[in-house]
Each structure stands twice: as structure tokens, then as C-alpha cells.
Amino acid sequence: MKKVLVILLIVLVSATSVFAVDFNYQDAAYLSAMGAPFTKTSARVAAMGGAGLAVFNNQDSLYLNPASLGGKGLVFNLPNAAFTLYNIKTGYVDSGIFDQLLDDPGKFTDTDFLMDNVLGGVLDMLGTAGRNRIATVDAGIGFKAGRFALGIDTQVNLNTYLPVGSGTTDIQLVPQVDVAATAGLGFRFFRDNAINFDVGVSAQLNIRAFMQAFDAQTLISAFTNSEDDSNILDSVLGGQPVAIGWALPLSFGINVNFPFGFTISSTLSNVHLIKGGYNYVVQENYEAFTDDPLHAILSPFTEDTQFTVKSGMMLNLGFGWSPDLGGFEWIIDPTVAIDLVDINGLVKDWSTTNLLARVRAGVELQLFKAFELRAGLNGGYVSVGAGVNLFNVIHLEASYYWNEFGDVLGEKDVDALTIRMNIGWER
Amino acid sequence: MLCALILVALSSCSLEEALDAMMGNKYIEMGWAELDTSNADNVNKAVGDMGADESSKNAISDDGELDLSQIGSMDTVNEALKNAGITDTTITISDSNLVQSIKDYGILAAQDKDQKQDLNNSISQALAGSASREAFSNQMKESATAQQSAAAKNSMAVTSEIINTVKDQLATQENETVNTILETLTDLQNQLTEKASSSETLSKAEVLQVQMITNMVTSAANVAGLVTDGGSSSPETIIESNEARELLNDASLLSNTSKALSGDVDLIQVPGLTDLISAFMDDSSSGSSSEPAARMVMPLAVTGDGSLQKDEKGWYIDDPFYAADVDDAVEERIRAGINFGRNFFEDALGITATRNGASFDPNEVRVRLSAFKALANAYDVMYSFGDLQAFKDNETLYQEALGDYSSTSKALDYLLAILLSSVDQVLMDKCTDYDLGQAIADFYSLNEWIYRGYMNDGDLIYIPDEIVTAFNLTNNQDESAMKSLVDSLIGPESDLRDSFKTKSVTLDKMMIVGNFSVQDILDMVGAGDVEGDEEITSVSDWLENALADLDEWLGSTSNEEV
């Protein structure tokens, strides 16, 4: 089955850390990927419906709300990693693949089965119009010391895009790689008062790369015509130009902390002071990266920008409640979070639907400081999750959630399963 | 997933049920939020506003002469005809009922350039998002008003006559490209004529289709005018002209619209396709490579041992798999074909096999079939700018113009449209008042095992009476009768053969522009490499050879050039 080979090649392409996007960046499908803010995958936030601005989180505050860094803590993430697989229901459960794997776990190691059924099924499932995603892989290291935090993260997204009205063979492969270095600082004022507040700021240097998009047919033709499999990547990628860009978004946050564990937060995120977004240069092909990696990676900074993709800032509001249970938190520790994101976008285009699309709500129940159960609603889409925290050293989390991948609410829902592991120290 | 598993454990529901419960936008399900379909609503409103040009009611004489220049909204059409050198803009309607209908209801007002541009923009926006596209398809299935339907049918007849006028007066110019374009209008004309004479109230989709086809005919006349004006007549010059680009835009928009209206079927995603191909590619099949495919498959697939029997339920194939000494491979082909066909007709025409027969909406089947025909016709128009050699010689030029309509998936769309259009056309030619949708539904009703998905020993294949009668299948135990049937369907004198030849050339052109091969298409549908078979490099050449084999079997030979 050649379609299976397509998937295999997608994986190989990803392994070489090259990425694809059509340089017709005016096309909305690609524009949304090229200018989208970098978002580190958080299993906790995903399970809580995307909410968490006003919830203290040692691991994710740096990325969500730098004001929350104002609460002191010592954290080492060495490393954290997350793997997200999309289209779980259609691609793996409804297709019967999941049942087959449960019936015969040996099939997990059966390459033919995985190739023919799992990967082939995924490609079939991607043949619905619009944006979709095969998988996301996150890996990073970071630390927080006192009020300062630093994180260095990489993320690989295997995006796909199918123009409306096209067929499976037109599936565009749009892999994407981000490397981000994020630093943040937070302060708490009036710490001893019943009502106190935090302020924080973070800056992120995000380098992002894409390769010009190619479709499934290109991969199949390359495979069909290549006598030597090792040349397939060359034949597919050799002529593809690569765009590499950079951005320096800033985020500002403020928390107002009230008695009984209530917090109200606001953030102004994704503020691009330099050219308003991602600034790209184009390399002739991926060999520019293999021949002289340093020069290629630095090229967005040393060469004239060829095009800029704007990325809009967002004003967000969050409400959080982590009740003070008088010392019984070690038994049960609940958290409630409700966020309203992209308020500026809502003001521009007000409607009840647009308001609801921006509301994110979630709850978490922590038991014995070791077990976590979560649920949420993200713009009307359900999410659930669970986690195990072993002695603050090994933290395993899983979440299953639905996302909107269409241009309007309800147009195209895609589900995802995230598994995240963090090894480090948290105090 | 962990939580889903916990939910499953706690609630004793299956994983599928748990995920089903979580799926979907809860705000929309509860009615708190709405899916944004404003782009589709705009097109719906535009189609709803399409009305009759009142001046057309008085422009037709009692003897059916209709002077287009007397119709206020026909300026664009008249101008195009004049540019093409046609000064007499009077057309004649011979059907007296139609004449009276035009007097009573008029014809749809033709669109000027701005109106056409507005409509095209609205349609393009509606087709750009999957939600609005679905809403657009659903809205267009609704019936047009009686007045609108009557005016649209009259417009179809008038447009058909305009095509006649254009063809009659311009086909003598000996310009290959113009003649090819005009030939492609014939299929459109047939579609219009067929609809104009139908008794049903038209859907909004069909009203929209009339408007788009009328616009396309106007653009085609403008292209023809290029040659009349004494301009260069080479295909390369023509395709680079603004007039040709206008016609290409009209045709591509019609193809996009038709794709949406036909249900956005993706052949590769139809369940059972791989099994079907495997069954036909199986090397253990009994047919020899020299045996014509039609001879090898048709008699067995249609008649088992070559005879039909009748019981109180109807005509059935006598012991289709066993008495005829059919080997396993052929049996597998038939079963795979039936299984694929069931899924295919559900995806393509919305006909679902049920315990009691079939569930389908005749109006939806009609809209979809009409859209498939328009889709095929639109591609024919797009690829009519030059012959095969011109495409080979000017690959880059044609890639610039047609690049978005030349992928393997577009080829599959086109093949699917040809297949359904052809079957429907054959059925319409052979049967009166019996369409493809009804034929499939009757077939399902007669054969309950189709719902089950497999045949047990003793199951029979019943054929609807209308089909048996129309195709005279009761005589097919006689090989000469079978030959006669095949000859009438796709023999040297048949329209279907001509149509297939034309469309095979279009496919060849598509492969040149899209830089793909038949093997690439086979790869995508999962057929892969077929050992022992020669690679097909040209569909038109392959078809010519296949038809020659068929003619040999029929007892006649044909040396017609494709």
C-alpha cells in the first residue's frame, strides 16, 4: 500500500527536522500555521479545557501567565516531553485498530500491521477538507529559581491541509518545527496582605522553519520512481525551498489574589514589537542546513527579511479558585479555572457564538498530592485527563480532548490524546 | 484516553460510546451557539432572487421565434454573439408547449458582468469552508419556486438553442480549438434539453446550474469571437486570451460547485475499493489476458450461467455462482463489486441499503446526478483548448492555466462523474420514466442480502423488471443477443463510445498537465503494480485497444481513430 509509505515518508521527513508550508503565505491555511503563536503542549491545560491563566502552575506559568512566576518555587525539568496523537476516534477507535491491538498486543510490534492498518487508516482519515494534524512532539528543558524561569523547547508538528473540494491525493503535508527559548520574571507585591497581586513579563525567541509544501502524490511518485529507497528523501526534498523565520513575542501578566483562594488574572500575550510577527528568509533547499547549519539557522538574523507573517496579540482574562482547605489539601485539592481569551478579537467581531468560542473552563481534583483528575470545556469541546505525580520527581499525565480545526466554531472538530512526562524536581 | 478508559470502566459503556458522547461542540448541540453559514446564505439569497426577465414574455412570437435582442437582460449574450460574427440573434423554439411557457413565465434574466462577478464571488466564498460548503449543498437541494422553475426550464431550452446557433454558424471556421470548444458544449446542451423537458419542479441547484451554464455559453461565444475577429487562432494564443481565461474561470467554478453539489465524494475513501481492485487484479482469475474484459466479466456478472428465471418475486439470475461453474476469482469479483457498489452509491448518490430495501431522496439523487454531469462537462470545457499534441507541445502553458485541475484526485472526480453520467444516460435512453436512483433502490429491495453485506448459499440476484424489459435480458442465453445488447450500448455506432473516446483524450491531457500517469492513479486507489500487465501510458490508446478487442468479439472491427 503506497499510502502507507506516504506516512512513513512523513515520519522520515520529520526526523530530518525539515518542515513544509506553501510559500503562498497569503493562503489562509498556511498563514495560520506560519504566524501562529508557539504553544507548548500542556497535558494539564488541555485536559482543563485550555483554561489555566489564573491557576498557579510551576511547569506552565512561564508560557501561560508570567505573573504566576511571582510565587516562589524551585523547579527543574530535565527533561519534559509530550507526545500528542490526533484523530483518535476516527483513525484508531472507530476503525477497529484499537480493539485489534487490545486483542492481540503483539501487533504493537507487527510492522506490517502498523503500516497497513494504523498508518493507512490515518491517511484515509486526513482526507477530509481543511486543516488537520497527525502528531505533535514536544521536548524541552527548563528551570525556575525563585521568581525567574527559563525554558528551552522544541516542538514538531505534522500538520496536513486538504483544500476544500479536493481528494485524498491532494493532501498537503505541512510539517513544522519550532525552537523556542523563553525567559520570564514575576514579582508578588503586598505578599502579607489578604489581597495581593503579581506582575510578570516573559520574552520568547522563537525560530520556526518550513519547507515548501508537497502533496501525497509527490511522495508516492518519488517512491515509485526511485530505485534506491535512500534517495527518496533527496528526490522529494531536494528541490524544495525552506523558509526559516524568527519572532520575539512578549507576554505581560497580572494576578490579583483574593482570600479563600480566588485569583483574577489578565494577560497580554503574543506582543510582537519587531515587525509585528514572524520574519522569514528562504533557503534554496534543505542542503543549506546540512552544509552549513549555523549559517542557515542564523540566516533570518543576518539576511534581509523576505516576507513577514503578522501574528496578532491577545488580551485574555482568567478566573481561578484553589480553595484553602485548612491543611487538608494533601488529601484533596480542587482547582477551578475559567478563561476568556482573545478579548480584542471578540470586541472586533462580537456575537454570542464568538464569545462562547473564547470561553475555556476546567476543573482539577488532586488526591493525596499524587493523583490528578481533570475535565474541561474548550469553546464547547469536551476534555478529560489524569495524572500521577510520584514524589515530585516523575510526573506522568494524559489528556484526551477535542479541538476546533475549522475557521468557525463547529466546522471541524479533531480529537487528540496527549501523554506527557516530566522528570525533574519540583518544590 | 486514560480517562476514557476510566469512564468506560465506571459506566460500563464501550470506548466507542464514551468517545461518541464527548464528540461534537456542546454549545452548538445545546443551541447556545450557531454554525456560521453566512457565505452559503448569501448564495441562497442570490439564487432565490433569480427571476424571469419580463421582456422575454413578449419577445417570442406565436410560431416560436425569439429575438434575443428584444430581451433586456440579454445584452451580454447578444454582444458575445455579435462579437462571434452572429448578427441574426433570432432563435426558434419548435415545441409549442415551451413557446406558451415562455409567454407565461419568461426566461431567467441573464446576468451582466457585475452580477456574474458578484455571484461567482459569493459561490467561491461559500465553497471555501467545509461548513458553509455543506450548508450550501443542503440549501441548494431545496425546490425552487414554481415560477422560477418554469423560467429556468425555459432558459435551458433557450440556452440550448443558443448553443445550436453558435455551433451552426461557427463550426465551419475550420479552427480546431474553437470546434473542440463547441463540441464540448454539446454535452451541456444535452443536459439542458433533458432538464427542460422534465416534468419535475427544479431544485435551486438546477436553477443555479442554468445560470452558470448560460454564463459559460456566453464566454464560449466570446472565445469563438477571437477567431472571427481575425486574431491568431493558435491554441497557445487562444488560451492566453482574457476571453479564454473567463471561460476557464466559468468552467472551473462550475466544476467546484458541482463537486460540492454531488456530495464531495472521494473515490479513494469509499469502503471496499481495495477489495474490489484486488479481486480484479487477482492473477488466479480465469480470464486470459487476450480475452476482452467485457466478454469475460459481463455475461458472468449479469447472467451467471447465461439465463434468467422468473418467480413470483421477479426475474433472477439462475444460481449465479455454482451452476455456471464460476471459479472463486470471478465469484469474488462479483461479491466485491456488489459490496463496493453498495458503499459507492451511498457515498455518491445518498442511496442507503436498509433492511426493507433502500432509503433515498429522489430529489437529492437527481441533484447529485445533474451535478456529476455538469462536473464532467466542466472538465471537458476546461481541457478543450487545443488537441492532445498541443498539450504535449505546450506543457508549461497549459500547466499555468489548468494546474489546479490536474491532480490524480481531479482525474478520479472526472472518472467518477463519467461513470455515473454514462450509466444514467444509458438507463434514460433505454427506459422511460425510470432513473438510476429508482433502479438501485429497486435492486436493493429485491435483494435483501445487500443490506446484510454478504450472500449466503441459496441467495439469488434479482433484477428489476424494468431493467430486464428495457435491456431485453430474457433473451441473453443466446450469445448473439448478448452481443446485440453490448453492441447497442458501446458498439461502433454508439454515442457512448464517442463520449468515452472524447473523455479518454481529456484524461490524457489531464495527465500531461498534472504530470502523473495511470500507474499513479492505480497507486492511489491501492491497485499498485500489476505483474504481467503492461503499463498504461495513454488512456485513449488503451481504450482504443480495448474497443478493438470488443469489436473483435462482436464480430466487427473498427479502425476509427481516437
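Biologist: Where in chain A does V408(A) lie?

Modeller: A word on the ground rules: this is a predicted model, where local features need pLDDT of at least 70, side-chain atom pairs count only at pLDDT 80 or more, and totals for chains, interfaces and linings use all residues. Residues are numbered from 1 along each chain as its sequence is written, with chains lettered from A and ligands numbered from 1 in the order in which they are written. Helices (H or I, at least four residues) and strands (E, at least two) are DSSP runs, numbered from the N terminus. On that basis, V408(A) lies in the loop between β17 (394-404) and β18 (413-426) of chain A.

Biologist: Is V408(A) buried or exposed?

Modeller: A residue is buried if 20 or more other C-beta atoms, placed from the backbone, lie within 10 Å of its own, exposed if 12 or fewer, and partly exposed in between. V408(A) has 21 C-beta neighbours inside 10 Å, so V408(A) counts as buried.

Biologist: Which residues is V408(A) in contact with, leaving aside neighbours within four places in sequence?

Modeller: Two residues are in contact if their C-beta atoms, placed from the backbone, lie within 7 Å. With those sequence neighbours left aside, the partners of V408(A) are L35(B), D36(B), G129(B) and A131(B).

Biologist: Over which residues of chain A is the pLDDT below 50?

Modeller: pLDDT is the predictor's confidence in each residue, from 0 to 100. Chain A has a mean of 84, and 82% of its residues reach 70 or more. One stretch falls below 50, though it has 67 contacts in the model beyond near neighbours in sequence: residues 1-22. Where pLDDT is low, the predicted coordinates should not be read in detail.

Biologist: How many helices and strands does chain B have?

Modeller: Chain B has 562 residues, and buried ones make up 47% of them. Its secondary structure comes to 28 helices and nine strands.

Biologist: How are α10(B) and α11(B) oriented, roughly parallel or roughly antiparallel?

Modeller: Axes are lines fitted to C-alpha atoms, for helices over the stretch in contact, and angles run from 0 to 180 degrees between N-to-C directions. The axes of α10 (residues 146-170) and α11 (residues 176-196) of chain B come within 9 Å and cross at roughly 155°. Angles under 35 degrees count as roughly parallel, over 145 as roughly antiparallel, 65 to 115 as roughly perpendicular and the rest as oblique. The crossing angle therefore makes α10(B) and α11(B) roughly antiparallel.

Biologist: At roughly what angle do α11(B) and α18(B) cross?

Modeller: On the α11(B) side, I181(B), T184(B), D187(B), L188(B) and Q191(B) make the contact, and α18(B) brings K373(B), A374(B), N377(B), D380(B) and V381(B). The axes of α11(B) and helix α18 (residues 362-382) of chain B come within 9 Å, crossing at roughly 170°.

Biologist: Is S494(B) buried or partly exposed?

Modeller: S494(B) sits in the loop between α25 (479-490) and α26 (495-514) of chain B. Because 16 other C-beta atoms lie within 10 Å, S494(B) is partly exposed.
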